[in-house]
Amino acid sequence: MARSICKTHPSVTLAGHSGNWNFIFIPGSNLPEKTVLRFDMLTSDEEGSWQMPQAAPNVKLNCIWLTLADEKRMIPEAVDMGGYTVFDFVLNKAVKAGEELIITIGSIGKTAEKKNLAQTFTQRRRPFHLYIDTKGKKAFPKEPEVFYLDVKGGELNNIKIIGPSIVSRNDRFDLMLRFEDSYGNLTGYAPEDTLIELSYDQLRENLNWKLFIPETGYLSLPNLYFNDPGTYRIKLTNLQNKNVYQSPPIECVLSAEESLFWGILHAESKRHKTAEDVENSLRSFRDDNALQFYASSVFEDETSTPSADWKLLSSQIAQFNEEERFVSMLGFQWFGQPSVEGLRHFIYPKDNKPVLRMKDTKSNTLKKIYRSHSPKELLSIPCLTMAKGYSYNFKDFNPEFERVVEIFNYFGSSECSAKKGNPYPIRTKGRKSGMSETEEGSIQKALSKNCRFGFVSGGFDRRGVYKDTEQNDQIEYQNGLTGIFSKEYSRDNLFTSLYNRRCYATTGARIIVTFNIASMPMGSELDTHSKPGLEFNRHIEIKVSGTDKIKEIIVFRNLEKYKVLENLENEFECIIDDSDPLSKVVLKASGDSPDFTYYYLRITQEDGHIAYVTPIWVDYIPPKPAGKKSKSK
């Protein structure tokens, strides 16, 4: 029996390219009149997916039609399958075996500009399905005929330079180069004679590298090192078009006691749904986004994350966790009573841990969860604390479990209200329902109530409480990043650093920040009992290496802007001595806790990116009065 033939023309395209796509089907047997051909593009309306064409007789732009041997066009019926669309063609005459049927997606006419857009991500052998029912009853077989089309990376648009943020002098390190199109796909699509020149400040004379663009789209440069301490930025110049690409800053020090690692704790891949496509989701965060750590953040309910999906997720998280390459941590989101508990991201430091479901009586409140775990068994990270309906008022703040708070994610910052200067407030574009800000979840207010936590960032999400954000016209920003200082690159060490608040948040830029008071780093708690000099002077050290020029550095002391530094270069270092008597500036603490002052930084670059730097606390413990001297006899 003759087999059917499926061909595509063209068989290869570039991501995001506009064109006409022909799917040629040659049946191996006769197709009678009234046969139904169901064409499934396996696409949706999600951003970046293959564009859905229109099915209407008079439409000539971005449409779909079937051409038979007599060259007459047939327009299909668009069938809504509940979330995606398929196209049904009903043959108005019989088709003999060996005759061509051509399904075309695009525009009619040679001069038409608005054709059909290919998906914006690469995919080898991208399938399109054709189901055939010869009886005309739309009872289709399970196995379809399949067309394949390769989607490759488009024209070279960017070179991403991936390397460490902190290195020791003369220590060897590797750089990874990703040659990307405008959508972030790896690409080798560039003129054949394209050369890339590598350089940086204080370049050694004997190092003069000119690089070809590899077909794979990525290249490793091994065994680089710097002879002298300082801040370096690797520069790549396209010698053909003179475009220049620069790496994030690399800080070279005499001897690095800690390294700085970049990752994201709460986010979903825009392309891969974590619960359904775990492996590709993790691979995307590790390779495409060049992250050094990631924590899963599925929602705890059975509908979003069935037990089988949690088991698969746990297994994949364990497999992807690899010291010195990529740290993956097991986590989930949990939404409790608004204001009192709010939205949480729980993270485990170990593998094969259970998801804590709201339906279970042992884990339906935060207090029960905290009672059944020790502090270092899991982190409880409040998220969206200023989002109305999902907020957290910090009245029951638990300093043992809530060691860090998500100050920024894809939908805004919970630092403070827009009226108080928040450049990324939580709000919608118009009057549609959606998340708006509420003062009760302000992180500044929580800090002033003596809640002590570090700052982390989150990213894009369309699950759980976030599922309606697109329909609600919610304002969206960009994925944040979390920087973690750690002595070793392993899950245990990164988790410990999070617990110790040795971290800070950015809006996505790899801004290097060091912030010390009396030589103690961000996240530290100091007091005037162990350091009496703090009562009279707080010696503040700040060093910033930005990815752009620094527009503003604000040093917050409690709720006030203590110092504002403006219009700086992309490298800045300063020392500030706060010599106001500590007893005059402290905030009153409740109960038996000592009065306190906290300091934190908000660093804003010219390009709008921000670093939110975890506070340092100074407790005021008044000196005990000296005892009376006894009179001499």
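Buried means under 20% relative accessible area, exposed means over 50%, and partly exposed lies in between (1.4 Å probe, protein chains only). The model shown in these close-ups is predicted: local features need pLDDT of at least 70, side-chain atom pairs count only at pLDDT 80 or more, and totals for chains, interfaces and linings use all residues. Residues are numbered from 1 along each chain as its sequence is written, and side-chain values use heavy atoms, with hydrogens and water left out.

**Close-up A. Salt bridge between R462 and E476.** A salt bridge is a side-chain nitrogen of Lys or Arg within 4 Å of a carboxyl oxygen of Asp or Glu. By this rule the model has 31 salt bridges. In the pair shown, the N to O distance is 2.7 Å. Both residues lie in the loop between β33 (454-457) and β34 (481-486), so the bridge ties together parts that are 14 residues apart in sequence. Strands are DSSP runs of E with at least two residues, helices are DSSP runs of H or I with at least four, and both are numbered from the N terminus. R462 is partly exposed, with a relative accessible area of 21%. E476 is also partly exposed, at 29%. Elsewhere, salt bridges that share partners join R538, R557, E560, D578 and D580 into one network.

**Close-up B. Salt bridges of K359 with E302 and of E322 with R325.** The side chains of K359 and E302 meet at 3.6 Å, N to O. This pair links distant parts of the chain, 57 residues apart: K359 is in the loop between β29 (343-347) and α3 (366-371), and E302 is in the loop between β26 and α2. K359 is exposed, with a relative accessible area of 60%, whereas E302 is partly exposed at 33%. In the second bridge, the closest N and O atoms of E322 and R325 are 3.4 Å apart. E322 is partly exposed, with a relative accessible area of 37%. R325 is partly exposed as well, at 42%.

**Close-up C. Helix α2 (residues 307-320) and its packing partners.** Helix α2 has 14 residues and reaches 20 Å from its first C-alpha to its last. This is close to the 20 Å expected at 1.5 Å a residue, where the expected span is 1.5 Å times one less than the number of residues. The buried residues of α2 are W310, L313, S314, Q316, I317 and F320. Contact here means heavy atoms within 4.5 Å.

Close-up D. At 2% relative accessibility, S414 counts as buried. Its side chain reaches the backbone nitrogen of M386 at 3.2 Å and the backbone nitrogen of T385 at 3.4 Å. A polar contact is a pair of N or O atoms within 3.5 Å; within protein, one must be able to donate a hydrogen and the other to accept it, and residues adjacent in sequence count only if both atoms are side-chain atoms. Not counting residues up to four places away in sequence, S414 touches L384, T385, M386, I407, I426, G441, S442 and I443.

**Close-up E. Aromatic pairs W21 with W50 and F39 with F147.** Rings of Phe, Tyr and Trp (its six-membered ring) pair if their centres lie within 6.5 Å; planes under 30 degrees apart count as stacked, over 60 as edge-to-face and the rest as tilted. The model has 34 aromatic pairs by this rule. The ring centres of W21 and W50 are 5.5 Å apart and the planes stand at 70°, so this pair is edge-to-face. W21 is in strand β4 (residues 21-26) and W50 in the loop between β5 (36-40) and β6 (63-67), 29 residues apart. Both W21 and W50 are buried. For F39 and F147, the centres are 6.3 Å apart and the planes at 65°, so this pair is edge-to-face. F39 lies in strand β5 and F147 in strand β13 (residues 145-152), so the pair ties together parts that are 108 residues apart in sequence. F39 is buried, with a relative accessible area of 0%, and F147 is buried at 0%.
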